Amino acid sequence: MLNELSFHHIGIACFTIEESKAFYEQLGYKASQVVDDPIQDIRICFLEKQGMPLLELLAPIDQASPVNRILETQGVTPYHICYEVNDFDTLITILRKEHKFVRVSKPAPACAINNRRVAFMFRKDVGLIELLESDAK
Ligand code: NI
């Protein structure tokens, strides 16, 4: 079951999208439109380049944005890896019950990714991962 996870993106916390995307554009990445996600309370921009991992820049919208906690303790940093999964709800259950992950956020639609559902899970020796429901159901 776990080997069905497929890599989707690396999430990078940043203070502002504008400041942080400049470096990646120099690497040849193309930036998507910036989207505000009111559910997660974050501002999102995807960075894409052929043959390179997809990157997601996440900046706070306001003081309550969850990404502020990362920025306060670590500054700008990669902080989650997102995996795409077909059987989204089942996999969350398996990760919790059989692999000792804690669910950090309830499944919620991600408006920056066509309203597909995402959920964040954590385990101490793995760190933070994000699960993204596949669009081919
Ligand atoms: Ni993400």
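Two strands pair if DSSP finds at least two bridges between them. Helices (H or I, at least four residues) and strands (E, at least two) are themselves DSSP runs, numbered from the N terminus. The model described here is predicted, so local features need pLDDT of at least 70 and side-chain atom pairs count only at pLDDT 80 or more, while totals for chains, interfaces and linings use all residues. Residues are numbered from 1 along each chain as its sequence is written, and side-chain values use heavy atoms, with hydrogens and water left out.

Start with β5 (55–60). Strand β1 (residues 6–13) pairs with β5 in the parallel sense, over four bridges. Within that pairing, Gly-11 has Glu-56 of β5 as its bridge partner. β4 also pairs with β5, here in the antiparallel sense and over six bridges. Cys-45 stands opposite Leu-57 in β5. β4 and β5 form a hairpin with six residues between them. In its turn, Gly-51 has a positive phi of about 80°.

How much of β5 is buried? Six of its six residues are, so the strand is largely enclosed by the rest of the structure. Buried means under 20% relative accessible area, exposed means over 50%, and partly exposed lies in between, with a 1.4 Å probe and protein chains only. Both faces of β5 are covered. Leu-55, Leu-57 and Ala-59 are buried on one side. Glu-56, Leu-58 and Pro-60 are buried on the other.

Leu-58 leads on to the nonpolar core. Such a core is a set of buried Ala, Val, Leu, Ile, Met, Phe, Trp, Tyr and Cys residues joined through side-chain atoms within 4.5 Å. In soluble globular proteins, nonpolar side chains tend to be buried together. The largest core here has 14 residues, and Ala-13, Leu-58, Val-67 and Tyr-79 touch the most other members. β4 (42–48), α2 (67–74) and β6 (77–85) each give two or more residues to this core. Leaving aside neighbours within four places in sequence, Ala-13 is in contact with Leu-58, Val-67, Ile-70, Leu-71, Gly-75, Val-76, Thr-77 and Tyr-79.

Next comes β10 (127–133). Six of its seven residues are buried, so β10 is largely enclosed by the rest of the structure. β6 and β10 pair in the parallel sense over five bridges, and Cys-82 stands opposite Glu-130 in β10. β9 and β10 run antiparallel and are joined by six bridges. Phe-120 has Glu-130 of β10 as its bridge partner. A hairpin of three residues connects β9 to β10.

Glu-133 also lies in β10. At 9% relative accessibility, Glu-133 counts as buried. Not counting residues up to four places away in sequence, Glu-133 touches Val-85, Phe-88, Arg-116 and Arg-117. Glu-133 and Ile-70 are 63 residues apart in sequence and 24 Å apart in space, C-alpha to C-alpha.

On a 1 Å grid over the protein atoms alone, a cavity is a set of points where a 1.4 Å probe fits but cannot get out. A pocket is an open set with protein on both sides within 12 Å along at least five of seven lines, and lining residues have an atom within 4 Å of a point. Grid points are joined across faces, edges and corners, and a volume is the space filled by probe spheres set on the points.

The largest pocket has a volume of about 390 Å³. Of the 18 residues that line this pocket, Pro-66, Arg-69, Tyr-79, Val-104 and Leu-128 are the closest to its centre. α2, β9 (116–123) and β10 each give two or more residues to the lining. α2 gives the most, with four.

The structure holds one cavity of 30 Å³ or more. The largest cavity has a volume of about 80 Å³. Its lining has 13 residues, and those closest to the centre are Asp-37, Ile-44, Glu-56, Ala-110 and Glu-130. β4, β5 and β9 each supply at least two residues of this lining.

Gln-40 is found between β3 (35–37) and β4. Is Gln-40 buried or exposed? Gln-40 is buried, with a relative accessible area of 15%. Beyond residues up to four places away in sequence, Gln-40 touches Pro-66, Ala-108, Val-118 and Phe-120.

Key
Contact = heavy atoms within 4.5 Å.
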